[in-house]
Amino acid sequence: MQQVTAREALVRLVAGNQRFMSGKARFPAIRKDILRNLAKEGQRPYATILGCSDSRVPVELLFDAGFGELFVIRVAGNVISPEVMGSMQYAGTILRTPLFLVLGHEGCGAVQAALAAKQKGTRQGRHIEALLANIVPGLRGVGTLPAAVEANVRWSVHQVMATPEGKAGAARGVKLVGAIYELETGRVRFLPDIISPSRP
């Protein structure tokens, strides 16, 4: 797959989501030649996406992307952790993807649980609480789930941009983008105020 710029990668994501919403998706289509080439030549995805594990948010389908086009990291609440950062660093330094997207979604259960923990002191199992501890710091000043979902995306973006790797990527022209997936419409709504380092 030919290397693309961050701007071209973002255009591809938007176009893929529009095909998905209009019922004109091209994928999934299994072509043995594509699989064979990927097995021999390795992967060269044009974007890295950190999304939620929610079964209603199948990232490749939302962007009508085929084999080898996206490097997808999925974890409940699209949280930042050492493992997630390691995966993102691999995508940036080894795969050289020009575009990174943090994708939240409406009605996120992890964000809802973090909001309940913050507002009501609701307790969960210890592993879930460890996950929620990564979300709660980004929820300052928000009281509703829709606002919390956006705040969580911004918090993840902030954490990535605060790292030396995030700053180095921005200096090279890598873009980091935030978006929210709308469950009922299928639309991915990009958050232009957190497109980094410059607007597409």
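1. Let's start with a helix pair: α5 and α7 are roughly perpendicular to each other (an angle of 65 to 115 degrees counts as such, under 35 as roughly parallel, over 145 as roughly antiparallel and the rest as oblique). The axes of α5 (residues 109-120) and α7 (residues 145-161) cross at roughly 105 degrees and come within 9 Å. Axes here are lines fitted to C-alpha atoms over the stretch in contact, with angles from 0 to 180 degrees between N-to-C directions.

2. A word on the source: this is a predicted model, in which local features need pLDDT of at least 70 and side-chain atom pairs count only at pLDDT 80 or more, while totals for chains, interfaces and linings use all residues. Residues are numbered from 1 along each chain as its sequence is written, and side-chain values use heavy atoms, with hydrogens and water left out.

3. Which residues of α5 meet α7? They are Val111, Gln112 and Leu115, and their partners in α7 are Leu145, Ala148, Val149 and Asn152.

4. On the overall fold, the chain has eight helices and five strands, running α-α-β-α-β-α-β-α-α-α-α-β-β from the N terminus. Helices are DSSP runs of H or I with at least four residues, and strands are runs of E with at least two.

5. Buried residues, those under 20% relative accessible area with a 1.4 Å probe and protein chains only (over 50% is exposed, in between partly exposed), make up 44% of the 200 residues. Of the contacts with a separation of 6 or more, 68% join residues 24 or more positions apart; contact means heavy atoms within 4.5 Å.

6. Do look at aspartate 54, in the loop between β1 (47-51) and α3 (59-62). Aspartate 54 counts as buried because its relative accessibility is 16%. Beyond its neighbours within four places in sequence, aspartate 54 contacts Arg74 and His105.

7. Most residues other than glycine have a negative phi. Aspartate 64, in the loop between α3 and β2 (70-74), has a positive phi of about 50 degrees and is buried at 2% relative accessible area. Asparagine 78, in the loop between β2 and α4 (82-95), has a positive phi near 40 degrees and is buried at 1% relative accessibility.
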